[in-house]
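Trainee: Could you walk me through reading a protein model, one feature at a time? I would like the general idea before each case.

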Amino acid sequence: MKPSAFEYECPTDLKAVLAFLGDGTDTRILAGGQSLVPMMNYRLATPERLIDINRLPDLDYIREENGEVVIGALARHGDIKASRLILKHLPIMTEAYAWIAHAAVRNRGTLCGNLCHADPASEMPALMQVLGATMVVSKASGARHVNARDFFLGTYETVLDADEMLTEIRIPIPQPGTGWGFEEVAMRKGDYAWASVAATLRIVDGRITAPYIAVAGLGDHAYRLEAQETALEGEMPDADVFEAAAKAAAEAADPPDAEHISAEYRRDLLRALLPRVLSAATQRAGL
């Protein structure tokens, strides 16, 4: 229960962090450490060096900017959960945080760290995809923007290269009249999800438009239900339509078996949760 030996650096500016990441040493970023440190203690992660970014206060922010909510790499879960700005523009995040971890973890853990950890049962990777978030990925030579749906590749795997760091998340403020829904089932509240479902949509002339649906806990990473999004576009929002979408999604899902939950039960959860989420989103869209 002890990590392997590693170097420790605590720079005070982002330029130094990115220089360390680019020098070829196996390096990991330490912000909250709520996932990384346990993995190191079990020697599931054995980096040669840790870079502690907690002395970079310029990365700790939640702000509105040019029609987007912008969240820095050191913004803690607890601060995001309590943010009036998040509640005003992105209430689905506030709702989901009722299910995410526990107070002690949220007080230190960061959203960017959670997304980089990319646990397949974590809620926020699904929400970032539903909300159309953009990940700002930085390295010494510059930055690139990655759509959230392209950021997650597999279990604990993202598009980040060894010399890159997720420095910021940019989430477009939803259009007026956008409804949302979120549902989850877990063994205990605060545990990783057995299945979670998030959706946003709008109702225009009595029909569904711009539906976005994402799930977690049902594969090796969170993912969008693109076939169901396409099927729902332009449909009347009623129970039969939602049930049909849920049935098709469950039949297409290929979730893993686990010690306390079977793949079939996970498919049943998706079949049950998706209509609830779509109904809630419809109601919040004003219909």
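Mentor: Let us begin with a definition: a residue is called buried when its relative accessible area is under 20%, exposed when that area is over 50%, and partly exposed in between. Please keep in mind throughout that this is a predicted model.

Trainee: Which residues of helix 11 are buried, and which are exposed?

Mentor: The general idea is that an α-helix has 3.6 residues a turn, so residues three or four places apart point the same way. In helix 11, which runs over residues 239-252, the buried residues are Val241, Phe242, Ala245, Ala246, Ala249 and Ala250. Seen down the axis of helix 11, these buried residues fall within an arc of 165°, so they line one face of the helix. On the other side of helix 11, Asp240 and Glu251 are exposed.

Trainee: What do the buried residues of helix 11 pack against?

Mentor: They pack against strand 13 (207-216), helix 10 (226-232) and helix 12 (263-284). At the N-terminal end, helix 11 is capped by Asp238, which has a side-chain oxygen 3.1 Å from the backbone nitrogen of Asp240.

Trainee: How many residues does helix 12 have, and what covers its buried residues?

Mentor: Helix 12 has 22 residues and reaches 31 Å from its first C-alpha to its last, close to the 32 Å expected at 1.5 Å a residue. Its buried residues include Leu269, Leu270, Leu273 and Leu274, and also Arg266 and Arg267. The elements that cover the buried residues of helix 12 include strand 11 (179-185), strand 12 (195-204), strand 13, helix 10 and helix 11. After helix 12 comes Gly286, whose phi is positive, near 100°.

Trainee: Which residues touch the most other members of the largest nonpolar core?

Mentor: As a general idea, in soluble globular proteins, nonpolar side chains tend to be buried together. Here the largest nonpolar core has 50 residues, and those that touch the most other members are Ile71, Met93, Met124, Met128, Met135 and Ile169. Helix 8 (residues 123-130) gives the most to this core, with 5 residues. Apart from it lies another core, of 27 residues, among them Ala199, Ala246, Ile261 and Leu278.

Trainee: What does Met135 touch?

Mentor: If we leave aside residues up to four places away in sequence, the contacts of Met135 include Leu115, Val146, Phe151, Phe152 and Ile169, and also Arg144, His145 and Glu168.

Trainee: How many aromatic pairs are there?

Mentor: To read such a pair, look at the angle between the ring planes, where over 60 degrees counts as edge-to-face. The count comes to 2 aromatic pairs. Phe151 and Phe152 form an edge-to-face pair, with 5.1 Å centre to centre and 85° between the planes, and both of these residues are buried.

Trainee: Why does the pair of Trp194 and Tyr265 tie together parts that are apart in sequence?

Mentor: Trp194 lies in the loop between strand 11 and strand 12, whereas Tyr265 lies in helix 12, so the pair ties together parts that are 71 residues apart in sequence. Trp194 is buried, with a relative accessible area of 18%, while Tyr265 counts as partly exposed at 39% relative accessibility.

Trainee: Where is Asn66 placed, and is it buried or exposed?

Mentor: Asn66 sits in the loop between strand 4 (62-65) and strand 5 (68-72), and at 74% relative accessibility it counts as exposed. Asn66 has a positive phi of about 55° although it is not a glycine.

Definitions and conventions:
Residues numbered from 1 in each chain as written. Predicted model: local features only at pLDDT ≥ 70, side-chain atom pairs only at ≥ 80, totals over all residues. Heavy atoms only, no water. Helix = DSSP H or I, 4+ residues; strand = E, 2+ residues; numbered from the N terminus. Expected span 1.5 Å × (residues − 1). Buried < 20%, exposed > 50% of the residue type's maximum accessible area, 1.4 Å probe, protein only. Arc of directions from axis to C-beta. Contact = heavy atoms within 4.5 Å. Polar contact = N/O pair within 3.5 Å; in protein donor to acceptor, adjacent residues only side chain to side chain. Core = buried A, V, L, I, M, F, W, Y, C linked by side-chain atoms within 4.5 Å. Phe/Tyr/Trp six-rings, centres within 6.5 Å; stacked < 30°, edge-to-face > 60°.
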